[in-house]
Amino acid sequence: MKYNILKFIHILLAVAISCFCVSAVGDDAEGFHESTYYISGTATKGLSVNSTDADLIEAIWRAFETRLVKRKDGKTLHYYLSHETQNVFVAQLLKYGDGQCGAWTRFFLDCLRVQGINTTGTYVTIGWWKDEDSKKGILVKDWIFIGNGTSGDTEYPYINIFDANGNLLYAEVRPLNSLPGQNNPNTPLLFNNHQFAYIGEKYRDPSYGLSSPDDRDFGLSGYWKIEEDYDVSKSKYSLNIGNNSGDDIVPMTVMLFKKKIKNWAPYEFSDN
């Protein structure tokens with residue numbers, strides 16, 4: 001597979017939150033949307049008046065678990081239909097029909113809040129989100145790891161090597177299948193970080209409709225970091241680059257990888 005790491009770096013360094021306001025038609029005084037009430041109400045219709053918070057959470061979660069969520073008027077809502085979407089708020093998701101994981105997590109939690117459920121401290125971020133960590137991230141399922149890795153880095157043993165134009169020259173890690181998301185079978189495979197919720201004694205990822213009782217990294221294949229000017233042996237990797245005379249070791253831009261480990265990625269809990 002041919003891909004360009006320079007474009008990838010550009011996307012990762014782009015501003016994550018769009019600097020414009022969107023119309024919130026359908027909001028009430030509390031800031032909720034008509035579609036929030038509709039999905040939440042439809043999901044919990046028929047439950048007993050004696051239903052517990054746990055009952056309500058499970059009922060609403062089942063609506064997101066289908067990965068077929070739609071707006072009240074029937075408009076389909078997508079997770080990363082455009083792989084460069086900047087929509088991170090519920091108003092943007094509902095207006096444009098496309099959003100990042102943050103928008104989907106906020107939407108799910110809003111559907112719980114309109115039922116009176118306390119969601120304080122249930123918003124989870126995993127991965128790397130600080131400016132100094134912009135060249136680190138996560139691999140969303142599914143990826144193939146070839147062999148045991150030859151990078152020489154004990155923590156990130158697998159290596160992919162790129163030329164000066166960002167084209168892939170050598171790979172020990174390759175994408176296999178996209179993990180299906182909300183109304184989208186072709187979701188992105190790698191990010192700096194990812195957001196979902198922990199509530200009802202489970203990690204719940206409304207972007208993918210998946211959950212786990214005890215593993216924050218349940219949707220991942222592994223982790224990556226970008227290294228520039230990384231010493232690479234041309235002979236070791238059979239690289240035909242530049243003038244093949246002279247030193248065998250040359251500085252290259254590489255991506256290094258490690259396989260997924262339960263609850264390994266950095267994380268934090270917050271209000272959304």
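**Stop 1**

Start by selecting helix H3 (residues 53–65) and helix H5 (residues 101–113), whose axes come within 10 Å and cross at roughly 145°. The axes are lines fitted to C-alpha atoms, for helices over the stretch in contact, and the angles run from 0 to 180 degrees between N-to-C directions. Helices here are DSSP runs of H or I with at least four residues, strands are runs of E with at least two, and both are numbered from the N terminus.

Now show the side chains where H3 and H5 meet. From H3, pick Ile57, Ile60, Trp61 and Phe64; from H5, pick Trp104, Phe107, Phe108, Cys111 and Leu112. These residues make the contact, and contact means heavy atoms within 4.5 Å. The H3 and H5 crossing is right-handed: a crossing is left-handed if the near helix is turned anticlockwise from the far one by less than a right angle, and right-handed if clockwise.

Before moving on, a word about what you are looking at. This is a predicted model, in which local features need pLDDT of at least 70, side-chain atom pairs count only at pLDDT 80 or more, and totals for chains, interfaces and linings use all residues. Residues are numbered from 1 along each chain as its sequence is written, and side-chain values use heavy atoms, with hydrogens and water left out.

**Stop 2: still on the helices**

The cut-offs are under 20% relative accessible area for buried, over 50% for exposed, and partly exposed in between (1.4 Å probe, protein chains only).

Next, select two cysteines. Cys101 counts as buried because its relative accessible area is 3%, and Cys111 is buried too, at 0%. How many disulfides does the model have? The count is zero, where a disulfide is a pair of cysteine sulfur atoms within 2.5 Å.

**Stop 3: the open sheet**

Zoom out and look for six strands. They form an open sheet in the order S7-S6-S14-S13-S4-S9, with antiparallel pairing. Strand S7 (168–171) and strand S9 (190–191) are the edge strands, each pairing on one side only. Two strands pair if DSSP finds at least two bridges between them.

Walk across the sheet from S7:

- Strand S6 (residues 158–162) runs antiparallel to S7, and three bridges join them. Select Ile161 and you will find Tyr170 as its bridge partner in S7.
- S6 also pairs with strand S14 (residues 249–259), antiparallel over five bridges. Here Tyr158 stands opposite Phe257 in S14.
- Strand S13 (residues 220–233) pairs with S14 in the antiparallel sense over ten bridges. Look for Gly222 opposite Lys259 in S14.

While you are on strand S13, click on Asp229. Asp229 has a phi near 60°, a positive value in a residue other than glycine. Asp229 counts as exposed because its relative accessibility is 61%.

**Stop 4: a loop with a buried glutamine**

Go to the loop between strand S8 (173–175) and S9, where Gln182 lies. Gln182 counts as buried because its relative accessibility is 0%. What does the Gln182 side chain reach at 3.4 Å? The backbone nitrogen of Val69. Leaving aside neighbours within four places in sequence, the residues in contact with Gln182 include Phe64, Leu68, His78, Trp104 and Gly209.

Asn183 sits in this loop between S8 and S9 too. Asn183 is not a glycine, yet it has a positive phi of about 50°. Asn183 is buried, with a relative accessible area of 19%.

**Stop 5: a cis peptide bond**

Select Lys141 and Asp142, which are joined by a cis peptide bond with omega about 5°. Asp142 is in the loop between strand S4 (136–140) and strand S5 (143–145). Most residues other than glycine have a negative phi, and most peptide bonds are trans.

**Last stop: the whole chain**

Show everything again. The protein chain holds five helices and 15 strands, and 48% of its 272 residues are buried.

Note on methods. A polar contact is a pair of N or O atoms within 3.5 Å; within protein, one must be able to donate a hydrogen and the other to accept it, and residues adjacent in sequence count only if both atoms are side-chain atoms.
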